[in-house]
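This report describes selected features of one protein model.

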Amino acid sequence: MTTSYKFILSAILMAWGAMAPAMADSIPSAPEAAATSAAVSPAAMIAEADTAYAHGDYERTITLYSEVIEHNGASASLLYNLGNAYYRSGNEGDARLCLERAKRLDPSNPHISQNIAYLNTRITDANKAELKGKKGDVAPDEEGFFDKVNRKISIDTASNAWARMAATSFLLLILALALYLFGRSVRLRKTGFFSALIFLFFSVVFVIFAEMAAAHFESKDEAVLTQFKTTLSAEPEADAPRVGFPLHRGTKFRILDTELNAEGEIGWYKVQLNHNNVGWLPADAIEII
């Protein structure tokens, strides 16, 4: 071996000896690597949360699902499971909040709708118990005809579903126009013409419905009471007179107005449970859906 090769080999060995300790420090041991992988694996955390739920450890379940949502984003299934865990732990407020948010992501899911309906019945019964025999109305207003229609369009159907129907109608419109333009008989051309009018109508209607559903999804006009129990205030002030009866957490409101505090942030919300229960609540008492 020549002197030049020996020099090169010695330089390589010296460089490797200097890099080896640093590389050893940077490579975690097998247990550390496994722990790091598990810490960032949402699937592992969800599986652990499911196991904790099955064993009745709802606090652990809530912690795990919340971490997954915080780091990986919310989905209808995650919010649904988190809402069920909150309910099992006795927190109807956060349970209702999670279920309502899950419904916005997956409005056609029957399990989410059923759990919301059941929870709403429990909360309404708790609010009625606060009347203690006195006359009062703490139940949500009954839906009218147009309210039911709007719910079917905007709340119970996702905007993506309406958009798909609009796209399908538009494609059929193109085919009908092609039949009208290139049909070889008068009958075929008439069929294409009137079919195009029908599909044009449905395309426009479905686009409007998609916009309505998207507007509801993006809206910030609904909230859930997360404070254990509270009574509406007549004015946006801490010492203002109270109106109505105590309401339990989990009660859903429609937001009518806001009041800013000295820092320019929202300090109070004017909310409505029904036409007889309208008042103000501090911002920290509710959570926007």
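The model is predicted.

**Aromatic rings**

A pair of aromatic rings is described by the distance of the centres and the angle of the planes. With ring centres required to lie within 6.5 Å, the count comes to nine aromatic pairs.

| Pair | Centre to centre | Angle between planes | Class |
|---|---|---|---|
| Trp 162 and Phe 206 | 5.8 Å | 25° | stacked |
| Trp 162 and Phe 209 | 4.9 Å | 65° | edge-to-face |

The edge-to-face label for Trp 162 and Phe 209 follows from the plane angle of 65°, because angles over 60 degrees fall in that class. Trp 162 belongs to helix α9 (residues 159–182) and Phe 206 to helix α10 (residues 186–218), so their pair ties together parts 44 residues apart in sequence. Phe 209 also lies in helix α10, and its pair with Trp 162 in helix α9 links parts of the chain 47 residues apart.

Are Trp 162 and Phe 206 buried or exposed? Trp 162 is buried, with a relative accessible area of 11%. Phe 206 is likewise buried, at 14% relative accessibility; the cut-off for buried is under 20%. Ring pairs join Trp 162, Phe 201, Phe 202, Phe 206 and Phe 209 into a cluster.

A charge is also placed over a ring: the charged end of Arg 189 sits over Tyr 180, 5.3 Å from the ring centre.

**Strands**

Strand β1 (residues 222–225) and strand β4 (residues 252–260) run antiparallel and are joined by three bridges. Within this pairing, Ala 223 has Phe 253 of β4 as its bridge partner. β4 also pairs with strand β5 (residues 266–274), in the antiparallel sense and over six bridges. Here Arg 254 stands opposite Gln 272 in β5. The hairpin of β4 and β5 has five residues between the strands, and Gly 264 in this hairpin takes a positive phi near 85°.

**Helix α5**

Helix α5 (residues 76–88) has 13 residues. At 1.5 Å a residue the helix should span 18 Å, and its end C-alpha atoms are 18 Å apart, which agrees. The buried residues of α5 include Leu 78, Leu 79, Tyr 80, Leu 82 and Tyr 86. Among the elements that cover the buried residues of α5 are α3 (42–54), α4 (58–72), α6 (92–105) and α7 (110–129). Just after α5, Gly 90 takes a positive phi of about 95°.

Conventions. Residues numbered from 1 in each chain as written. Predicted model: local features only at pLDDT ≥ 70, side-chain atom pairs only at ≥ 80, totals over all residues. Heavy atoms only, no water. Phe/Tyr/Trp six-rings, centres within 6.5 Å; stacked < 30°, edge-to-face > 60°. Helix = DSSP H or I, 4+ residues; strand = E, 2+ residues; numbered from the N terminus. Buried < 20%, exposed > 50% of the residue type's maximum accessible area, 1.4 Å probe, protein only. Lys NZ or Arg CZ within 6 Å of the ring centre and 35° of its normal. Pairing = 2+ DSSP bridges. Expected span 1.5 Å × (residues − 1). Contact = heavy atoms within 4.5 Å.
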